[in-house]
Amino acid sequence: MSDETAKPTSRRKFLQGAAVATGAVATGQMVHAQAAPDPAITEMQPWQQYLGAGVDASPYGMPSPHEAHVIRRNVPWLTADSVSSINFTPLHELDGIITPNGLCFERHHSGVAEVDPGLHRLMINGLVDTPMVFTVEDIMRFPRENRTYFLECAANTGMEWRGAQLNGCQFTHGMIHNVVYTGVPLRLLLEEAGVRTNAAWILPEGADASGMTRSIPLEKALDDCLVATHMNGERLRAEQGYPMRLVVPGWEGNMWVKWLRRIEVGDQPWHHREETSKYTDLLEDGEARRFTWVMDAKSVITNPSPQAPILHGPGPTVITGVAWSGRGSIPRVDVSLDGGQNWNQARMSGPSFDKSMHRFYYEFDWDGSPLLLQSRAMDSTGYVQPTKDQLREIRGENSIYHNNSIQTWALSEDGTAENVEVG
C-alpha cells in the first residue's frame, strides 16, 4: 500500500485508495492510481437509490440485461434454412467448464420436436429376450447417475480444413457444450430386456421428423452410455432432446440421439444414411473412413480471440481457453505466443473429468507487440493435438469432420485478434 492510501483524509480519497490497494494485491501492477476521483466509486449510482424487483419478478431467472449479447449465433450461409441447421455456443463469453443450458449449441435434422412426455415411449426390440416399452415415469424408477461430459458435433471446426474461414471461436469451435447429465445407465435398460448372446450392435432412433438413427457397438452401450432426462439439474430442454436423449460419452454428437424413442438390438451395423453418405471422413485419395466415432484431443483459446479482443492495452494479461478429449482427461495444455516456435505450460484449473471440458489459463506480461496465439492439448493417453499440416498429411483437405488441429489467432498491437493459419 502506498503512503497516500495509508492516510485517508476523506471518504472520497479513502474509497479511491482502497480500490487501488485491492487491485494491487490481486493483480500486482495492473491497477494504477488515478489523478481524478472515479465517479463509479465516489458518486451514488442509480441502482443504489430505488428498490429492486421482487423475488417473483422473473420466476425462472434470467441473465443480467447487461449480458444480453451472450447468445447462440447462426451462420446463415452454412445451411439452406434454419430448420436442418446449427447454431454455436459463445465460448468466448464463458469461463469455468460448465455450459449454461440456454447457451448449449443446437443441431437438428428436422427442427426441434415438441414431445408430450405423457405420450412418449422408449421401446427396446430386436435381439432381446423380452421386447420392452418404457414410459418416462418408468425410466425415472431406474437408478440414476450424474456425470459431466462434453458433446461435440463431428463438424466442429469443419469449415477450417482448407484454411482460416470464420472469424471467432464461437464459429470455429462453438459446436460443443459441456454439462452435467443425469440419467439411467443404458446397460440397466438392456439388461431388463435381456440382450441375446449374438447381439453386437444397437440402433437408437429419435422421435423427431428426421427419425435420426446411428449404429453403436453394444460394447459401448453397455460401458458408459446413459439415457438422460436432465442436464445441469433441470429437465432437458426441447432443443436438447426432451424428454430423453442418449448420451454417448466422448463420441461424435450425432450419435447422442435426441427425443430417443426406440433402441433396436442387432448383430451387425445398419449402414443408414447418417453413417454412409453423412458423417464419414473423405480422404485425399477419394476413399472415405467410416465409424470414426471418437473425438480426439482438442483445445482453443477463447480469450483473447476475434470476438474477445484485449481492451486494456499492454501489461498483465490472462489467456484462457478450453480443452477436451474423447479418450480421457486433459492433464496438460501448452500455450504459444509465437505461432508454435516456443511453448509455455498453461495452468489447469477446475475439476478434471474423463471426456469433459477442462479450463486452462496462462498469465503473462504483454508488451503490446503482435502475437500468434496457439494452444496445444495433451490427453491422459499421451496423445498430442496436431498442427493443421500434421493432420492434412494423413487426412488431406477434403473432409469436413474431426478437425482437431491447433488453432491460431493473430493478435495485433491494438489488441484485436484474427483467425489465421500457421501450419
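Buried here means under 20% relative accessible area, exposed over 50%, and partly exposed in between, with a 1.4 Å probe and protein chains only. The model is predicted, so local features need pLDDT of at least 70 and side-chain atom pairs count only at pLDDT 80 or more, while totals for chains, interfaces and linings use all residues. Residues are numbered from 1 along each chain as its sequence is written, and side-chain values use heavy atoms, with hydrogens and water left out.

View 1. A disulfide is counted when a pair of cysteine sulfur atoms lies within 2.5 Å, and the structure holds zero. Cysteine 169 counts as buried because its relative accessibility is 0%. Cysteine 104 is also buried, with a relative accessible area of 0%.

**View 2. The largest nonpolar core, with 59 residues.** A nonpolar core is a set of buried Ala, Val, Leu, Ile, Met, Phe, Trp, Tyr and Cys residues joined through side-chain atoms within 4.5 Å. Ile124, Tyr181, Leu186 and Leu189 touch the most other members. Helix H6 (residues 186-193) gives the largest share of this core, five residues. Helices (H or I, at least four residues) and strands (E, at least two) are DSSP runs numbered from the N terminus. A second, separate core of 30 residues includes Ala297, Ile319, Val333 and Phe364.

**View 3. Surroundings of isoleucine 124.** Contact means heavy atoms within 4.5 Å. With neighbours within four places in sequence left aside, isoleucine 124 is in contact with Pro131, Met132, Phe134, Leu189, Leu190, Ala193, Ile263 and Val265.

**View 4. Helix H8, residues 388-395.** The buried residues of H8 are Lys388, Leu391, Arg392 and Arg395. They lie on the same side of H8 because they cover an arc of only 100° around the axis, the arc being that of the directions from the helix axis to the C-beta atoms. What covers these buried residues includes strand S13 (281-282) and strand S14 (288-289). Glu393 and Ile394 are exposed on the other side of H8. Glycine 396 follows H8 and has a positive phi, near 75°.

View 5. Over residues 109-270 the chain is 14% helix and 33% strand, with the end C-alpha atoms 19 Å apart.
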